[in-house]
Amino acid sequence: MAKQLREVYGSVLAELGEANPDIVVLDADLSGSTKSKLFADRHPDRFFNMGIAESNMVSTAAGLAAVGKIPFVNTFTVFLTTLGLIAARGQVCYGNLNVKFGGAYCGMSDALDGASHHALEDISAMRALPNMRVIVPSDETSTRWATQWAVDHDGPVYLRLSRDTYPDLYPAGVKFEMGKGAIVRDGTDVTVIACGLLVHKAMEAAEELAKDGVSVRVVDMYSIKPLDAELIERCARETGAVVTAEEHNIYGGLGSAVAEVLAHAGAGVPTEFVGTRDTFTESGKYSELLAKYGIDAAGVKAAVEKVLKRK
């Protein structure tokens, strides 16, 4: 059954808090939206509402981590990865401290609040930080794994979480591995490497393209940093063309990370990128925004058709 990733994250965090008394949670006065309230309701003595002071929140988390706690900091993605960035860089990552970042409302999922609340640069900011790990889950099962992995890993972790409801993609109990991606649909003509919501849009596009005889391989690249270079190189070699798809600026995000791998490997295959193109967005219904900026199944389909002409 489809669920909101933020709801899954909050529920899992509350569950993990039962078994691990070192987990503490901080929020910037948005716990109802980020769903960290689910942790607060069950563990009020380990929950801290820091107010609208994101940099202070991350700095406080750094101090908590320094004395052995496992702090999760939560707010809207755009504020966590901008206003919280100076403390994330200068304290958390510089000290390789055990702080976890729960970025809710990624991409344009906070649709009607507009450009000031849309987060389309966060992957580029967070993956550039030394010691940071970056995970973009795509359904309930992968969100559960990502939250558990963040607790188990000793070091900074960024979880990119959406406000939206995502369909099920993986069965319960499937094994994930950090630093890897997963082929969720096989194909031979082109590979679409996607993350988050765009994995589902890529699957929709693949279904449509199959009607025209085009065989599309879809990869869920849930681990953005570290990245599964081996899988990327193999897909380029086996299908001969690559499309990346993300709810993010094409500069600095998943597309750039994949292009870096292909360039380093000398894999000169035609490549196209689905994402926003060096622009701020606007207020509107979520589905309409995705369509306007080409970040939907139609956008992925168009990119595949374009890259195949160059193959």
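Helix axes here are lines fitted to C-alpha atoms over the stretch in contact, and angles between them run from 0 to 180 degrees between N-to-C directions. This is a predicted model, in which local features need pLDDT of at least 70 and side-chain atom pairs count only at pLDDT 80 or more, while totals for chains, interfaces and linings use all residues. Residues are numbered from 1 along each chain as its sequence is written, and side-chain values use heavy atoms, with hydrogens and water left out.

## Helices α4 and α6

Start with α4 (residues 54–66) and α6 (residues 85–93), which pack at an angle of about 15 degrees with their axes 8 Å apart. (Helices are DSSP runs of H or I, at least four residues, and strands are runs of E, at least two, numbered from the N terminus.) That makes α4 and α6 roughly parallel to each other; the cut-offs are under 35 degrees for roughly parallel, over 145 for roughly antiparallel, 65 to 115 for roughly perpendicular, and oblique for the rest.

On the α4 side, the contact (heavy atoms within 4.5 Å) is made by Ser 55, Val 58, Ser 59 and Ala 62, and on the α6 side by Ile 86, Ala 87, Ala 88, Gln 91 and Val 92. Sorted by type, these residues give six nonpolar, three polar and no charged. Here Ala, Val, Leu, Ile, Met, Phe, Trp, Tyr, Cys and Pro count as nonpolar, Asp, Glu, Lys and Arg as charged, and the others, Gly among them, as polar.

## Helices α1 and α8

Next come α1 (residues 5–19) and α8 (residues 140–152), packed at about 40 degrees with axes 9 Å apart. These two are therefore oblique to each other.

From α1, Leu 5, Val 8, Tyr 9, Val 12, Leu 13, Glu 15 and Leu 16 meet Glu 140, Thr 143, Arg 144, Thr 147, Gln 148 and Val 151 of α8. This contact has seven nonpolar, three polar and three charged residues.

## Helix α10 and its surroundings

In α10 (residues 229–239), the buried residues are Leu 231, Ile 232, Cys 235, Ala 236 and Thr 239. Seen down the helix axis, they fall within an arc of 135 degrees, so they line one face of α10; the arc is taken from the directions from the axis to the C-beta atoms. Turned away from that side are the exposed residues Glu 230 and Arg 237. (Buried is under 20% relative accessible area, exposed over 50%, partly exposed in between, with a 1.4 Å probe and protein chains only.)

The cover over the buried residues of α10 includes β9 (182–185), β10 (190–194), β11 (216–220), β13 (242–249) and α11 (254–265). After α10 comes Gly 240, with a positive phi near 80 degrees.

## Val 269

Val 269 sits in the loop between α11 and β14 (271–276). Leaving aside residues up to four places away in sequence, Val 269 touches Ala 236, Gly 240, Ala 241, Val 242 and Leu 262.
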